[in-house]
Amino acid sequence: MKTTSLLSVFGVAALWLPQDPAPRAKGAVELVGISVPSQVAIVAAEQDGKITSMPAQEMQRVEEGELLFELNATLEQLEVDRLRALAESDVAGRRAAVMLAQVERDTKRIVEMAQTDIVSQSGLQAQQQELELARLRVEQAVLERAQAVIALRQAEERRAQRSVRSPFRGVVTQRLKSVGEAVEKFVPVVEVMSLDPLWIEFECPLTQQHLFRKGGTAIVSPSEAPDDTRTATILLTSVKSNASSHSFMVRAAVPNPELRWKTGQKMSVEPDAPQPAPAGK
């Protein structure tokens, strides 16, 4: 009876003891990687100036082409207005055309007079030269207007460079300057990252390269949340290997529309579907 009672007690106690997790399947592959942004841009202005507005806040999502910050642009706008007036005006062309028409009438009259010897040949030649100059003035007016249009486009481009926009869809992860600060051209002002898709990079042993091929898939999850799994598409397998670790870098992309996964997380990586090793391995 005592023996039976002791066995019963140990049996009940065993039910309350923590159970070991089920062992992994023999030969299962689990690698460790890290999450990185699929795109990163340190955005700077192409001109010197003072920041007048920064509508994009830190950790705010932005679309491609959305305004990140603006520099003061009063002088640039005035230059655009001045050149637009010149480019859109045809006063010089119309004036040259009127003068040409007058010179053509005068030339016709002088040619008729030269035929009756009222005007000398030298006078006729001088009038013909004046006619040629009038025609050149018309061409010059056309050329000057075309140059004004080009100058206007240049001024508009300089004006547009005062408004700096996001190069891609992403998240503003850092603002390095504030409104009112002066900035120099090409000095970083805003950092933008794309976390959707998120890249997972990991080292794959050479003996397991057949499990991770470009265009294939892998199962990834954060190391601290192994049940939160997603399917990643393999984008790149490096042709360079590490001599000391006998491994090579693999990059995979995973959807992250809610941005729940962050950059810099330690990730677990497994092949999506085990494949047989190549013959002779």
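**Salt bridges**

I counted salt bridges and got twelve, taking as one a side-chain nitrogen of Lys or Arg within 4 Å of a carboxyl oxygen of Asp or Glu. The model is predicted, so I kept to its limits: local features need pLDDT of at least 70, side-chain atom pairs count only at pLDDT 80 or more, and totals for chains, interfaces and linings use all residues. My numbering runs from 1 along each chain as its sequence is written, and side-chain values use heavy atoms, with hydrogens and water left out.

**Arg169 and Glu63**

I looked up the pair Arg169 and Glu63, whose closest N and O atoms are 3.4 Å apart in a salt bridge. Arg169 sits in the loop between strand 5 (163-165) and strand 6 (170-175), and Glu63 in the loop between strand 3 (61-62) and strand 4 (67-71), so this pair ties together parts that are 106 residues apart in sequence.

I then checked the accessibility of both partners. Arg169 is partly exposed at 43% relative accessibility, and Glu63 is partly exposed at 44%. My classes are buried under 20% relative accessible area, exposed over 50%, and partly exposed in between (1.4 Å probe, protein chains only).

**Arg135 and Glu132**

I found a salt bridge between Arg135 and Glu132, with 3.9 Å between the closest N and O atoms. Both residues lie in helix 4 (residues 121-160), three residues apart, which means a separation of about one helical turn. I noted Arg135 as partly exposed at 38% relative accessibility and Glu132 as partly exposed at 41%.

**Glu258 and Arg260**

I listed Glu258 with Arg260 as a salt bridge, the closest N and O atoms being 3.4 Å apart. Glu258 counts as exposed, at 57% relative accessibility, whereas Arg260 is partly exposed at 45%. I also noted one network, in which salt bridges that share partners join Asp81, Arg84 and Glu156.

I placed Ile42 in strand 1 (residues 31-44), and it is partly exposed at 46% relative accessibility.

Methods:
Helix = DSSP H or I, 4+ residues; strand = E, 2+ residues; numbered from the N terminus.
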